[in-house]
Amino acid sequence: MNLSFLKIPLLDFVGSPLLVAAFGLLLWLQARCSLRRQRFAALGRIVRNLVFAAPAFVVLRLALVPIPLAAAVWAAQHDFGLLHRLPLSPVVAGALGIVLFDYAYYWWHIATHRAPLLWRFHNVHHTDLDMDVSTATRFHFGELLLSVIWRTAFVLATGIAPLALIVFEIVFECAGQFHHSNWRLPIGIERALNTVLVTPRMHGIHHSIVQRETNSNWGTIFSWWDKLHRSLRIDIAQDAITIGVPAYRDESELTIGQLFLLPFRPQRPWQLPNGEKPERAPQPADKMAA
Ligand SMILES: [Zn+2]
């Protein structure tokens, strides 16, 4: 069996060290300058998220990246896919491929909330009771396995170049770490960044226990898609947000073993253990709330 498709030096020797460094830097920044008050002990949560993520890292490295990459190599060899049909320079085609991939992820993220089977897995990510940079790793390996299928289909449809695909992966993971982090950026800087990028305050609202707030801010890298489709919500102050899923508020039900089993258990409706549904009236704001 030829396993040479598993060799991805750009990812292993540039991307991964960069991502580990970014993770360390964001850990330090969020400890030094916190955005939301953490309600649960941070160290235990961070260790739990990283241990839970171990099988997801294996799936990422052995399937989620190499399988679509093999498809991208094949597409390049056969001039297959939309980007090969357009008269674009390789740099422009690569950049366009990265932007399109982020747009496709916007729709995939909506699907993970709306399709019951996908939500069973994505729910695990949202059950984190506080949100910080470690939440970016808290994905059930099943969710990653399911996304191999559509990622490969996307690569074949667009013909995104192999190099652009690896660059996308590194930028995508970096963006996820950044917007999940609990780093309090000065509000003026965050508002400016948010004209282009998904930022920590924007994504914090997506992790709220209020369903209307969770059903917004689907973007990963660029904030444009939420603006384009009117799903952007920046009106909630971070202090007012309770992070998590209302039916899963008990830490003892969210151990590593329980998290692996969660997708295979009956799913609870979007309500608090006392049966109430968390609500909050919309507070329309032109500028991002602090
Ligand atoms: Zn989500």
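At 0% relative accessibility, His206 counts as buried, a term that denotes under 20% relative accessible area, as against over 50% for exposed and partly exposed in between, with a 1.4 Å probe and protein chains only. The model is predicted, so that local features need pLDDT of at least 70 and side-chain atom pairs count only at pLDDT 80 or more, while totals for chains, interfaces and linings use all residues. Residues are numbered from 1 along each chain as its sequence is written, and side-chain values use heavy atoms, with hydrogens and water left out.

The zinc ion is coordinated through the NE2 atoms of His109, His113, His122, His126 and His206, at 2.1 to 2.2 Å; donors are N, O and S atoms within 2.8 Å of the metal (3.2 Å for Na, K and Ca), and sites may look incomplete because water is not among the atoms. Along the sequence these donor residues follow the spacing H-x3-H-x8-H-x3-H-x79-H. Distant parts of the chain are linked by His113 in helix H5 (residues 90-114) and His206 in helix H10 (residues 200-206), which lie 93 residues apart; helices are DSSP runs of H or I with at least four residues, numbered from the N terminus. His113 is likewise buried, with a relative accessible area of 14%.

Helix H6 (residues 116-126) is mostly covered, with 8 of its 11 residues buried, and among these are the zinc donors His122 and His126. The buried residues of H6 also include Leu118, Trp119, Phe121 and Val124.

Notes: Helix = DSSP H or I, 4+ residues; strand = E, 2+ residues; numbered from the N terminus.
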